[in-house]
Amino acid sequence: MNATAIVDALGYPAAGLGILIESAGVPFPGEALLLAAAAWAAARNHSILLVILFGFLGSVVGADIGYYLGHRGGRPFIERFGSLFRIRPEHIARAEMFFARHGDKAVLSARFILGLRTWGSMLAGMAHMPFWRFQLFSAIGGLAWAVVVGIAGYLLGSNLALITTVIKDIGIGGLVIVSLLVVIAVVARMRAARL
């Protein structure tokens with residue numbers, strides 16, 4: 001079952017379901033599901049605010065579950081089964097030291113980093129980051145993530161006919177070339193601004 005089918009079946013709650021599962025520590029395409037839910041809202045003239053709200057709530061609840069799992073049983077679990085994931089004890093020690101020093105920034109930015117979005121909450125729990133502090137930065141990061149991804153998906157859904165026409169006219173190869181040119185122009189402009 002693809003993301004579009006899940007969104008068609010569940011509606012607004014689909015926006016939060018994927019990130020809830022992913023933030024709880026299960027590798028799952030939460031971002032793809034929120035993008036699909038936002039595009040669905042645009043295509044059917046539904047509320048993007050509800051999509052963002054469900055995405056935000058799913059991210060916070062999932063992160064709380066991940067934090068709890070990491071706090072209560074994460075380290076013993078990783079010590080026992082870490083070799084299956086190629087995680088050694090020194091990796092755990094480094095992660096705990098990192099969260100002790102940079103936990104706020106890590107929790108905040110974890111929403112936008114694939115992999116860390118899945119494991120960040122557990123690592124914060126394993127490092128015994130104070131829950132109230134974790135909750136604050138998790139909520140801020142979750143809201144920022146839901147707004148950015150939700151709006152991107154909504155814009156995608158609003159312009160689906162145009163995107164389909166462009167892809168049909170220039171083909172996938174042409175789309176890749178145009179995307180690369182845009183990325184090169186943005187990077188060049190950023191470098192020029194630094195000088």
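How many of the 11 residues of helix α6 (residues 116-126) are buried? Helix α6 is mostly covered, with 8 of its 11 residues buried; a residue counts as buried under 20% relative accessible area, as exposed over 50% and as partly exposed in between (1.4 Å probe, protein chains only).

**Basis of the model**

The structure is a predicted model, in which local features need pLDDT of at least 70 and side-chain atom pairs count only at pLDDT 80 or more, while totals for chains, interfaces and linings use all residues. Residues are numbered from 1 along each chain as its sequence is written, and side-chain values use heavy atoms, with hydrogens and water left out. The predictor's confidence in each residue is given by pLDDT, on a scale from 0 to 100. For the protein the mean pLDDT is 80, and 82% of the residues reach 70 or more. Confidence is lowest in helix α1 (residues 3-10), where the mean is 64, and highest in helix α7 (residues 131-158), where it is 90.

**Overall architecture**

The protein contains 8 helices and 0 strands. These elements are DSSP runs numbered from the N terminus, with at least four residues (H or I) for a helix and at least two (E) for a strand. Along the sequence the order is α-α-α-α-α-α-α-α. Of the 195 residues in the protein, 35% are buried. Among contacts with a separation of 6 or more, 77% are between residues 24 or more positions apart, a contact being heavy atoms within 4.5 Å. The protein exposes about 11500 Å², of which carbon and sulfur atoms supply 71%; accessible areas come from the Shrake-Rupley method with a 1.4 Å probe, and for residues only the protein chains shown count as cover.

The buried residues of α6 are Arg 117, Thr 118, Gly 120, Ser 121, Met 122, Ala 124, Gly 125 and Met 126. One of them, Ser 121, has a relative accessible area of 7%. Leaving aside neighbours within four places in sequence, Ser 121 is in contact with Ser 23, Ala 63, Gly 66, Tyr 67 and Phe 134. After α6 comes His 128, which has a positive phi, near 55°.

**Salt bridges**

A salt bridge is a side-chain nitrogen of Lys or Arg within 4 Å of a carboxyl oxygen of Asp or Glu. The count by this rule is 3 salt bridges, and they are listed below.

| Salt bridge | Distance, N to O |
|---|---|
| Arg 117 and Glu 22 | 3.1 Å |
| Arg 117 and Glu 31 | 3.4 Å |
| Arg 133 and Asp 104 | 2.5 Å |

Glu 31 belongs to helix α3 (residues 30-43), so its pairing with Arg 117 of helix α6 links parts that are 86 residues apart in sequence. Glu 31 is partly exposed at 28% relative accessible area, whereas Arg 117 is buried at 4%.

In the bridge between Asp 104 of helix α5 (residues 89-110) and Arg 133 of helix α7, the parts tied together are 29 residues apart in sequence. Asp 104 is buried, with a relative accessible area of 19%, while Arg 133 is partly exposed at 29%. Shared partners join the salt bridges of Glu 22, Glu 31 and Arg 117 into one network.

**Aromatic pairs**

A pair of aromatic rings is described by the distance of the centres and the angle of the planes. Rings of Phe, Tyr and Trp (its six-membered ring) pair if their centres lie within 6.5 Å; planes under 30 degrees apart count as stacked, over 60 as edge-to-face and the rest as tilted. By this rule there are 3 aromatic pairs. The rings of Phe 131 and Phe 134 have centres 6.3 Å apart and planes at 35°, so this pair is tilted. The two residues, Phe 131 and Phe 134, are 3 residues apart in helix α7, which means a separation of about one helical turn. Phe 131 is partly exposed at 39% relative accessible area, but Phe 134 is buried at 1%. Ring pairs join Tyr 67, Phe 131 and Phe 134 in a cluster.

**Nonpolar surface patch**

On the surface, Val 61, Ile 65, Tyr 68 and Leu 69 form a nonpolar patch with about 360 Å² of accessible area together. Patches consist of residues with over 30% relative accessible area and no salt bridge, like charges being joined within 9 Å and nonpolar side chains (Val, Leu, Ile, Met, Phe, Trp, Tyr) within 5 Å. Ile 65 is located in helix α4 (residues 48-81) and is partly exposed, at 36% relative accessibility.
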